Each structure stands twice: as C-alpha cells, then as structure tokens.
Amino acid sequence: MSQMTAPVTTQRAARLPARRPAARAAAPVRARLRVVTGEEVRHSHTGFGVVCALLMAVGLLAVLLLNTARAEQSFALGNLQQTSDRLSDNEEQLRTDLANVQAPQQLALKAQEMGMVPATEVAYVRTSDKKVLGVATRAPGAGAFTVGTLPNTPASTVAGRAVTAAEQDIVIVKPTPPQPPTTAPTQQSGQPTVKQSPAAGGAASPTAPTTRTSPARPAVKQQDAGRSTGGRPATSTPTTGTRTTTTR
Amino acid sequence: MVVAMLFVFSMFGVQLVRIQGLEAASVSEEAFGSRIKRVAVPAQRGTITDTHGVVLADSVDRRNIYGDSTAIAQYATRPAGKGKVKLGLPGAAKRIAPLLGLKESDLLALLQRQYAKKSQFAYLAKDVSPTQWRAVQELGVPGVFSERTVRREYPQGTSLAPLVGWVGSNGAPGGGVEALEQKRLVGKPGTHVYERDPNGQVIATGDNSDIPAVPGKDLRLTIDNDLQWYAQNALIQRVTETKALSGDVVVMEVKTGKIRAAASYPSFDPNDMASAPPYLQLRPFDEVYEPGSTSKVITMAALIDQGYATPTTPVTVPPTLVRAGRPFKDSESHGTEHMTLAGVLAHSSNMGTILAGEKMPARTLHDYMTAFGLGRRTGVGFPGESPGILAAPEAWKGDQRYTVMFGQGLAGTAVQQAAVFQTIANGGVRQPVSLVEGVGDGRGGFGAPEDDRKPQRVVSATTASQLTRMMQSVVSEEGTANAAAVPGYTVAGKTSTAERYDATLKKYSGTTASFIGFAPAQNPELVVAVTIQRPQAGIYGGPVSGPVFSKIMSFALQQRKVPPSGNAPQPYPLTTTPPATEQK
C-alpha cells in the first residue's frame, strides 16, 4: 500500500507549484498563501482507493475465473483423453476379435454350418467368343470337406487364460465342454475330421440342423464364458442371430 | 529472557541461510530424486501380415492386475443418501471377480490368504484386456493396480504357426519369421519420466518428460493366407487319411520365386505354447530328406542341356541292371522295355535313368545339382534352415554315383525341390526364393527388403520347355500321377517315392511320397510341392500326394483367376519300336 500512496503525494506536490503562479497573475490582491486543508486532499484519495480496490477485486476475480476455466478445461481434457483411450482400447479389441473370426478356418466352419461346400472346379466363359473354358462339375456333397486346422484361436485363448490362471492358483470358470479336442491337431495322430469336435467346432456339423436352431452353440457358449467374464463381449454375439435361417 | 529469545531466533536464521542458501542445490536435488519416477515404455512389436495385408501376428496391450490386500480391505462405498458402507475383502472380491473372469470364492480366498500374511503384493489376474482393467478401475477399489504388458496374438492359429513362429512370455522370439526378422520387428523401448507424491499420485505441475518408444517395423510376407490355410487343411486331411508321420506343402510363384504357402504338419497353436509338441520347425525349410525321383528331373535336365540326349532318345531298359556290384530294379518289375527318355521319366524308371545318365560324367551332374540349388541354403536365412546333404562327386562311394541320379544318396529340403521345378517352369532361370515381400517404413507404406541375390540361368529355355513337355506325360493316364491332374489345366510334374531313412530306427523304413508340379504347363504360374513322410495307407508319391497337389493347385488357379488351358498337352512318345541296333 505504501507504494500506491507514493504517486499521490508527488502528484499533490506537483499541483501546488502549478497553481501558484496562475493565482498570482490573475489576482494579485489575494496573493496570500493559505494552508491547504486535509479535507480537500482526503477527498481525492478516497476515490482513488476505491478505484484501486475495484481493480484489485476485478483482477482477483479474473484470476479466479481463469483458474476455474483452466481447471475445467483440464478436467475436460482428462475426460476426453480417457474417452480416447477407451475407444482405442475398444478398437484394438474389436480388431483382434475381427481378425480371429476372419481367419479362413473360421469362415470355412461358418460356411459349412450354412451347408456350403467348396467349388472344386470352375469354368469360365470368354466374353469375346462366348466359349466355355475349363470344366466344371457338380460340387461334391457335404462331408467331403473337413476343417482340420483347429484349435480355433478364441477357444485356445480361453485355454491359455486358464493355464495362466492355474499358474497363479486362480481358477477361471471352466468352459462347459471338455478340452481334449482343442489340442487335437497338435498331436501327431490327430482327429481325422475335427469338424465334429465339441470344443471348437461344435456348431460346425451341417448334418444336424437341430443344433443350429438351439439358442446357444457349445462353441459360442464357451467363448462367451471366457469373454463375458473376460469383458470381450463383441465377437460371437452378432452372428448367432442370423443362423437359424440356414437350409440345405 | 530477551537474550534467550534472540539466540533462538538467530539459530533459526542460521538454519534458514544454510538450507536456502548454502545447500539449496543438493537439498532440492534430493527432493526431486525422491519425487521422480522412471517407467520403461515398451516398444510396439511390428505386425506381420500376408501379401494382402491379413494379420498373421499382432501385438496387443494387456494388463497384469495386482493388489495390496491391506488396502483392499479398506474398500468402502458411499451409496446415495446413506453413509459410508464398508465392503472390505468380500465386497471387493464380489465386484472384481466377474470382471476378470475369476471365481469369486477363489479371489476372496487369495485375498484373505494375502491379508493374513499382511502381504501388500499379489497378482489378481494376468493377461487381461485394457477394457477389463478399466472396468476394474471404475469400481474405485483402493490398492488395486495394474502393469502394462504386451501379448502377441496369432489369429491364424495352427495353419501358419511353424512359419510365423511365436514370441515367448519374456519377449524373445521362438522361431519362424519372428526369429528370422527379430531385428526389424523389435522396436526400441522408451522411458516415461514423471514426478509423484509419496502416495504415488502423479504431480500434475511437476516435470513430465518422455523419450518415446520407437515401434518395430511391420512386415509383409509373400504368403497368401487363404492359400496357406487351404494347403494346410488339405495336407492335414491327407496325412491323416494315409496314416502318415508328417507332411509339408510348398507353393511357389514361378516368375518371382516368392513362397505363397508353406504348410507343415503336425503344427501347433502359437497362442497356447503350453500345449505345443516338441517339434516346432517349419518342415519345408528345416526337414531334410532324400528327395527320390523328383531328382530325375535334374539328371534329365543335365542330359538334355549338355546334348547327351533328347526327349525322344531311345532307352532300352532290361528287367534288372547291375551297377557298382548291386542290382537295380524299378518299382514295378517288367521285362525288357523300349522307352524314350520321356518314357523313362513318365514311368519313373530307375534303370532307365541310370542307363541314360551314366553317359554323363559325375562332375557334370554334380554341377547341375549345385546350380539347381541342392547342397546350399536358399538365402532366405530361415531359422534352422538346412543346406541339405550333397557330397562332392569325388566322395561318392560305391553305388552313390548311380543312386544320386534318381535322388537317393543325397538329401535336401522341400523348398530346394520346389525351386528346381520353379527353375524349369520359369524357362530355366532360377529366381531367388523369398519369404518377406515388404518391410514397413513406419508411415503405412512398405519397401522391398534388401536382397543381393540375382536370378540365374541354369538350363537353356529350350531344355526347360522340352522338360516341361516331358513332365506333362507324368500326369497322363500312362504316367505315375494321373491323380495329380487338375481338370481344365495342363499340369507338368513328377512323382517321387523315395526310401526314407528313419533316424529313430537307424535304417531305411517306409517311404517319402511326394509330387511336385506346376501349371498351367504352357505358361506356368505356380509350383506346388507336396511331400508326405512315411504314409502307411499307400506308399507311392502319385496316389498319396497327387490328390493333394490337384486340390491345392485347383484352388490356387481359381483364386488367381488363371484362365483354363486351351490346348491339350502334346506329349512325346513314351515308347519306341525296338530298334535294330540295341542301345547300351
């Protein structure tokens, strides 16, 4: 406060000499010096004080508001960051799930389930002379094609998780069907046609339409057991709804 | 009294000067040191994709969740309108367990065990997804933390496992491309430095600097994932049907030498290495066997290229033939037959090959074998890749001089054999075998990997086309492999039924049944080599491996939209009328 009053006193000092010569020139009669009363000075001082106080209050308020705004923005930033993290985590999760269900063996199983068989031969029609090139015969019936590259990966991910859990004496909720067929292709003898194996391809039997209409396939159930508990609900659910329409 | 007061205050003053003035730097250093925390930021390992960008191996973020049981015991919530409700360990276990896929009772038991020991550290779950961890975090249970880990995922599972390899839990590559390209795939870890308070909370205004991690380079392989899976699946079916020991398939692009598929069975699941069998290698590169009759192609190539014979040169094959003190026979006994050189190849006559091949010095044959790539590595550098076994001609002992002509007494890999056929299919020019098509530049693009290997001419274009025509007969009705025919396309190929050396029995037992061929014969696209070891239902290359070849080749030609061959093959005559002068 002492610094603020300093200019006031100097101002007053500057004003006094300025008034003096003017007074002397205009009215030589009243050339008497007079003591300036404190009231005159005090009056201007109070006004200035109010201005200062106001300025300070405004300044403080501004700082407060700015700080609040900054804090708010940093919260917003944090939230957005978190949302971004969550979304990118979800994206990664979905990408992984997609890569898993996109694998050719999974597609082959799905196709089989819908009663499709691979076209062994195709013929082409040449547009220039409408000639048929190559030979095409009827595709072989169902059962001619088997998928032998299981274990499918989502199931084995669950299996892997169970192994990890066992290492730290925590038991994961056991998937319903027993495990052995999931490891079949890794054994030397192997199961000849693993498409019927309950663990991974349980739903893959095109010959049993009844299993298709049943609400939950073993494989899906198993994945869900691993997933819903594992917070990965996305993979198998969208496909289950459309399956009942398959005919052969 | 005043003196005492002054004395005390002067002491304060001295301390003030000492701390703020004299020792300021070291004290603040010490404080900073206690606040600072360095955390390694793992580098993202490069993604491996197939030629079309399908993910074969990918790294995903995972979390290991650990907890301080003494802090978790303080778990409490404040439901709306009520006061603090203490939930403790049972409440925490009840809420956390379903999120982590754990059994509530097991988690509670673990926590209680830890709490009884006053333990402040125990893993609650390993390898959970970030979304799961987030859900756990949102519960607000005190004393539950997580550490970041990275998990390598292989969406294609068993079909590519030996080729792509795997990464161990310590981050070290375990084989396959993961090991081959480790230097490119692995990035450089970074460091995250921040200040934290004694409770571990990050100080927002503190120093916060990062040395960012440099991610590894992405890799694009020459492999076609669909074809790879189809080949693997067809192979598995046939190996199981024929009760064979193992098998492998190589699909190679004729014009580029790129490997489009390399199947190996039995395989394993790279996502679950705990269940993996002991043999984890990629057979086409790493397994060495005596190739048998597919090697006759090299003998014929040398003979024709050096002008010792033409495809129609008559060869009179007696019922038995004695060379180097031992009798040689063909797989089917026959009387004296009058064949052409093309007939010798179509019927895969050992005696005929010896009779024609012995006109040529051993050194010449050896030179051709080397030129075709036998006895040396492909240059791909695949982990565990074998150069095969090819002795120098001076070291050929006893009957070896004769047996090498039909592929016994030397050994190689399936990739080497496929490369021989690639050379012939490509008009006699051998392309370097390749497996990696592109290396990521970090901006989404791919550049070709460095390679100083050059294409090499091994035989003349005329020799190559004559051999191709000869090999078309193999797949004909009279040949040894009509099962390998691909409807609508002309196929050139060669069967092999080699005696297999069984390392466990330490003697020859069983056979190696293989078929290698390419199609369409006029303008070859792909070489497919199918090898099945020790089949028990059927032993011959044609019937055992031929059907697998036919399936895979049909699929591949369809997939590549190769137009069917217009003209039927015009084979050379396989037999000759008995000539007046008997040929030795």
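1. Which residues of chain A does the UniProt annotation "transmembrane region" cover? In this predicted model, the annotation, taken from an unreviewed UniProt entry, covers residues 47-66 of chain A.

2. Turning to chain B, its secondary structure comprises 19 helices and 23 strands. The C-alpha atoms occupy a box of roughly 145 × 55 × 50 Å along the principal axes. The radius of gyration of chain B is 34 Å, whereas a compact globule of 584 residues would have one near 25 Å. Of the 584 residues in chain B, 49% are buried. When contacts between residues at least 6 apart in sequence are considered, 73% of them join residues at least 24 apart.

3. The largest nonpolar core contains 123 residues. Val249(B), Val251(B), Val527(B) and Ile552(B) have the most contacts inside this core. The core lies between domain 1 (39-69 + 92-198 + 206-213) and domain 2 (225-270 + 278-559) of chain B, because both domains give residues to it. Apart from this core lies another, of 22 residues, with Ile72(B), Leu100(B), Leu124(B) and Val128(B) among them.

4. The surroundings of Ile552(B) can be given in detail. Leaving aside residues up to four places away in sequence, Ile552(B) touches Tyr230(B), Ala231(B), Ala234(B), Val249(B), Val251(B) and Val528(B). Two of these partners, Val249(B) and Val251(B), are also listed with Ile552(B) as having the most contacts inside the largest core.

5. Helix 18 of chain B (residues 461-472) has 12 residues. Its first and last C-alpha atoms are 17 Å apart, close to the 16 Å expected at 1.5 Å a residue. Buried positions in this helix are Thr463(B), Ala464(B), Gln466(B), Leu467(B), Thr468(B), Met470(B), Met471(B) and Gln472(B). These buried residues pack against helix 12 (296-305), helix 13 (341-346), helix 17 (414-425) and strand 21 (492-502) of chain B.

6. Is Leu245(B) buried or partly exposed? Leu245(B) has 18 C-beta neighbours inside 10 Å and therefore counts as partly exposed. The residue is placed in the loop between helix 10 (225-241) and strand 11 (246-253) of chain B. Leu245(B) touches Gln533(B) and Arg534(B), when residues up to four places away in sequence are not counted. The C-alpha atoms of Leu245(B) and Gln536(B) are 8.6 Å apart in space, although the two residues are 291 residues apart in sequence.

Conventions. Residues are numbered from 1 along each chain as its sequence is written. Chains are lettered from A and ligands numbered from 1 in the order in which they are written. This is a predicted model: local features need pLDDT of at least 70, side-chain atom pairs count only at pLDDT 80 or more; totals for chains, interfaces and linings use all residues. Helices (H or I, at least four residues) and strands (E, at least two) are DSSP runs, numbered from the N terminus. The expected span of a helix is 1.5 Å times one less than its number of residues. A residue is buried if 20 or more other C-beta atoms lie within 10 Å of its own, exposed if 12 or fewer, and partly exposed in between; C-beta atoms are placed from the backbone. Two residues are in contact if their C-beta atoms, placed from the backbone, lie within 7 Å. A nonpolar core is a set of buried Ala, Val, Leu, Ile, Met, Phe, Trp, Tyr and Cys residues joined through C-beta atoms within 7 Å. Domain bounds come from an automatic or database domain assignment. UniProt positions are given in the numbering used here, feature names are shortened, and annotations may be inferred rather than shown by experiment. The radius of gyration is taken over C-alpha atoms; the globule rule is 2.2 Å times the number of residues to the power 0.38.
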